[in-house]
Protein chains: 2
Amino acid sequence: VREAFITIAEYGEFALIAAIEKTLRRNANLIVGIGDDAAVVRAPDGRVVAATDMLIEGTHFRREWSAARDIGGKAAARNLADIAAMGARPTALLVSFAGPGATAVGWVLDLVAGIEQEGSAAGAVVAGGDTSSAGVVMLAVTAIGDLEGRQPVTRSGARPGDVVALTGTLGSAAAGLALLRAGVTRSGSGLEPLIQAHRRPHPSYDAGPEAAELGATSMIDISDGLVADLGHVASASEVQIEFRTTRIMAEPISTPHLLARAAAALGGTGRTEGAGRRKRPGRLEGTSPVQGADPMRWVLTGGDDHALAATFPPGVSLSERWTTIGQVSQGNGIVVDGKRWTAPGGWEHFSTW
Amino acid sequence: VREAFITIAEYGEFALIAAIEKTLRRNANLIVGIGDDAAVVRAPDGRVVAATDMLIEGTHFRREWSAARDIGGKAAARNLADIAAMGARPTALLVSFAGPGATAVGWVLDLVAGIEQEGSAAGAVVAGGDTSSAGVVMLAVTAIGDLEGRQPVTRSGARPGDVVALTGTLGSAAAGLALLRAGVTRSGSGLEPLIQAHRRPHPSYDAGPEAAELGATSMIDISDGLVADLGHVASASEVQIEFRTTRIMAEPISTPHLLARAAAALGGTGRTEGAGRRKRPGRLEGTSPVQGADPMRWVLTGGDDHALAATFPPGVSLSERWTTIGQVSQGNGIVVDGKRWTAPGGWEHFSTW
């Protein structure tokens, strides 16, 4: 098709916007959509939940590592997950796109398709946006959501005695990124699920409202890494949070065998506490040892899987998708396997404030 | 102070966010602010109005031409003006900032101060955001607002017989940008108001809700240029819009004498239809003639002043800040001084969809 070859500079801004508008579907949340000064979206609760962040080529993704559809999906997912982590239901997305004039129109339309697809999975409609020119591709997405009458679940409500539970996966995206960085991308390695986890997370958006209904006292989207993000909760709630790695270095939270194989392929130890692998597979040809290629490190500090952590009053009855990993006590900071965590936590390359 | 010299890379992300958080004030719109996964903002109307766009170094501003505070103010103003243009009252801003690690912390705090200052002028609170690293400074701002029970004023409601009215200024920012591009920035030239207009617009945010109350049938924030934006209204409303340049090449909409002096300084004609200047001031030393340095062109196609245009039913009684410039009739497209406008309209370097 024509859009696969023509560039956005040749197409022009108004034509690009018209082409984007044509591909988008509407839903009942949308009162005024693309084509006006601003979007108008239903906010039946009388409060609106909003989160925003940027995905920047070179910092957060590379076009040679990820397809446009995955980049768009990831940009949407990051913000939709933040809405869910407040216990809210996403309703709409706003998107600012900037990129070089030589970018193919088809690439931008694929990007938008990824955003819409992910929004749609969460119940959110693409309501508006903006296009600019820039030296690299950058994507700023704002997600908004509705609390449906519930109180927002913040980071500050954890209380001593609460249990800490998790849904989603940890470590896969970090391992996938390490594989991509090292050039270990050949198909047939069996490591594709990790690479795909870096390319595009699949948060369980409805787990957020579910946790709120179940009485979650605090909740956070794991985007800086488990230790760093539970650290945010501990700090905001003025409590100590303890957890055991045996609970997270196991299915369904992580895939220890796959992570160990990835670490081995990268020249790491491949040994994973709790995973019990004995044989250490050899490093793949043509790769160099990667510092920090360690399953435990990926699981504790990797930030891009967008698992959801929440604290609940003791005795709560959780659905199957939640795994209890620890508990809240008096004090402060994070205790892992009985030892106080003192390392500079998490993946401080940029998060939400 | 320390923040003037230390870089954001040295400071670290969490320290930067904490420093930003400390500078920000709260208001009654804010239920949950910075420091959680997402912000929660009052939306008493039950609908939320939202607009977003990006300001990118090199594309939209240069750090050597504009102070951090003005860049922040401008990024906020563009989106706040979009909210006002729907007839809504801004309530909150979300901000994504990205920049080189070598950026001074003090510079970023000034940027945020500009955003907060502009938000505050419009009644909006900085509710949340995100920081990233990037090769150049980029700023994505989302503004949200409340309709206070009014119907949104879209681009599609203009009807034959309506009058077209304008509040704010036209052409100053475009002239100021041309002066900066040509290096005409010396103080004492008397042209500083134009340069300042480029650096930071000052939209009349309350004119939007006022127009809605007065029964505006359509409304648009002039960001692509008067002809292009009235063209959007004509197209969305399926009407023709006529206006006379005598009304816009005059105070209070434009400053024809100042624009003529700027054009002359840039080697343009300096003659402005309707402005009646006879003497042509000489071009400033050390500058080359600038193509398109023409007051009429700046006023008709310049997009960065953020004037507000609206259509009203005939016989409407408008407050003093509105200037009637034309009327709506059956047909399509734009008619300027009785002649159909056929030039490729406006400043298509990127706008809101």
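This is a predicted model: local features need pLDDT of at least 70, side-chain atom pairs count only at pLDDT 80 or more; totals for chains, interfaces and linings use all residues.
Visitor: Which residue is the bridge partner of A:L30?
Guide: Strand 1 of chain A pairs with strand 2 (residues 39-42) of chain A in the antiparallel sense, over two bridges. In strand 2 of chain A, the partner of A:L30 is A:V41.

Visitor: What is the handedness of the crossing between helix 2 of chain B and helix 4 of chain B?
Guide: The axes of helix 2 (residues 13-23) and helix 4 (residues 105-122) of chain B are 10 Å apart, and the helices pack at an angle of about 35°. From helix 2 of chain B come B:L16, B:A19, B:I20 and B:T23, which meet B:V105, B:V108, B:L109, B:V112 and B:E116 of helix 4 of chain B. Those residues divide into seven nonpolar, one polar and one charged. The crossing is right-handed.

Visitor: How are helix 5 of chain A and helix 6 of chain A oriented to each other: roughly parallel or roughly perpendicular?
Guide: The axes of helix 5 (residues 172-182) and helix 6 (residues 192-199) of chain A come within 7 Å and cross at roughly 100°. The contact includes A:L177 and A:L180 of helix 5 of chain A, and A:L194 and A:I195 of helix 6 of chain A. Its residues divide into eight nonpolar, three polar and one charged. An angle of 65 to 115 degrees counts as roughly perpendicular, so helix 5 and helix 6 of chain A are roughly perpendicular.

Visitor: Which residue of chain B has the C-alpha nearest the axis that relates the copies?
Guide: Chain B superposes on chain A by a rotation of 180° with 0.0 Å of shift along the axis, at an RMSD of 0.0 Å. The two copies are thus related as by a two-fold rotation axis. In chain B, the nearest C-alpha lies 2.4 Å from the axis and belongs to B:G46.

Visitor: Which residue in the turn between strand 12 and strand 13 of chain A has a positive phi?
Guide: Strand 12 (residues 333-336) of chain A pairs with strand 9 (residues 240-243) of chain A in the parallel sense over four bridges. With strand 13 (residues 339-340) of chain A, strand 12 pairs in the antiparallel sense over two bridges, and A:V335 stands opposite A:R340. Strands 12 and 13 of chain A form a hairpin with two residues between them. The residue with a positive phi, about 50°, is A:D337.

Visitor: Which residue is the bridge partner of B:S218?
Guide: The open sheet of seven strands in chain B has the order 8-10-7-11-9-12-13, with mixed pairing. Strand 8 (218-221) of chain B is one of its edge strands. Strand 8 of chain B pairs with strand 10 (residues 308-312) of chain B in the antiparallel sense over four bridges. In strand 10 of chain B, the partner of B:S218 is B:T311.

Note on methods: Residues are numbered from 1 along each chain as its sequence is written. Chains are lettered from A and ligands numbered from 1 in the order in which they are written. Side-chain values use heavy atoms; hydrogens and water are left out. Axes are lines fitted to C-alpha atoms, for helices over the stretch in contact, and angles run from 0 to 180 degrees between N-to-C directions. Angles under 35 degrees count as roughly parallel, over 145 as roughly antiparallel, 65 to 115 as roughly perpendicular and the rest as oblique. Contact means heavy atoms within 4.5 Å. Ala, Val, Leu, Ile, Met, Phe, Trp, Tyr, Cys and Pro count as nonpolar, Asp, Glu, Lys and Arg as charged, and the others, Gly among them, as polar. A crossing is left-handed if the near helix is turned anticlockwise from the far one by less than a right angle, and right-handed if clockwise. Two strands pair if DSSP finds at least two bridges between them. Copies are superposed by least squares on the C-alpha atoms of residues with pLDDT of at least 70 in both.
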